[in-house]
Amino acid sequence: VTATDATAFGRNYFNRYSAPETEEDEFADERAEIMEEAAALKKLATDFMHPEVGVTATDATLFGRNYFNRYSAPETEDVEDADERASVLADAMALKKSAA
């Protein structure tokens, strides 16, 4: 008995001589890492060579508020200034007592 069904014959498109060469997963991963590093280096080189482009960032953590130097912040004085103020006030009180 001989049977010739059209679905019994197939062609292997992956191992034929005219098939494009495929690379292993390890080499493909390494190639992808190399391309990522090259893209990062290219961006850094562009940033270095063209500083006039500027930096754009929209990360929420980049925006902050300085509570110490804002206009509505209460004025703070150094420890030395506070000590000097206390000594001047003490001298003024002593002069006021001696004048009375």
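Is Asp-47 buried, partly exposed or exposed? Asp-47 is partly exposed, at a relative accessible area of 38%. The views below come from a predicted model.

View 1. The chain has 100 residues, and 2% of them count as buried.

**View 2. Asp-47 and Lys-43 form a salt bridge.** The closest N and O atoms of the pair are 3.1 Å apart. Both residues belong to helix H1. Because Asp-47 and Lys-43 are four residues apart in that helix, about one helical turn separates them. Lys-43 is exposed, with a relative accessible area of 53%. Asp-47, at 38%, is partly exposed. With a side-chain nitrogen of Lys or Arg required within 4 Å of a carboxyl oxygen of Asp or Glu, the count of salt bridges comes to one.

**View 3. Acidic residues gather in a patch of negative charge on the surface.** The patch holds Glu-24, Asp-25, Glu-26, Asp-29, Glu-30, Glu-33, Glu-36 and Glu-37. One of these residues, Glu-33, lies in helix H1. Helix H1 covers residues 25–49.

**View 4. Helix H2 spans residues 79–99.** Helix H2 has 21 residues. From the first C-alpha of H2 to the last, the reach is 30 Å. That is close to the 30 Å expected at 1.5 Å a residue. How many of the 21 residues of H2 are buried? The number is zero, so helix H2 lies largely in the open. Buried here means under 20% relative accessible area.

Technical notes:
Residues are numbered from 1 along each chain as its sequence is written. This is a predicted model: local features need pLDDT of at least 70, side-chain atom pairs count only at pLDDT 80 or more; totals for chains, interfaces and linings use all residues. Side-chain values use heavy atoms; hydrogens and water are left out. Patches are made of residues with over 30% relative accessible area and no salt bridge: like charges are joined within 9 Å, nonpolar side chains (Val, Leu, Ile, Met, Phe, Trp, Tyr) within 5 Å. Accessible areas come from the Shrake-Rupley method with a 1.4 Å probe; for residues, only the protein chains shown count as cover. Lys and Arg count as positive and Asp and Glu as negative; His and the chain ends are not counted. The place of a charge is taken as NZ of Lys, CZ of Arg, CG of Asp or CD of Glu. Helices (H or I, at least four residues) and strands (E, at least two) are DSSP runs, numbered from the N terminus. Buried means under 20% relative accessible area, exposed over 50%, partly exposed in between (1.4 Å probe, protein chains only). The expected span of a helix is 1.5 Å times one less than its number of residues.
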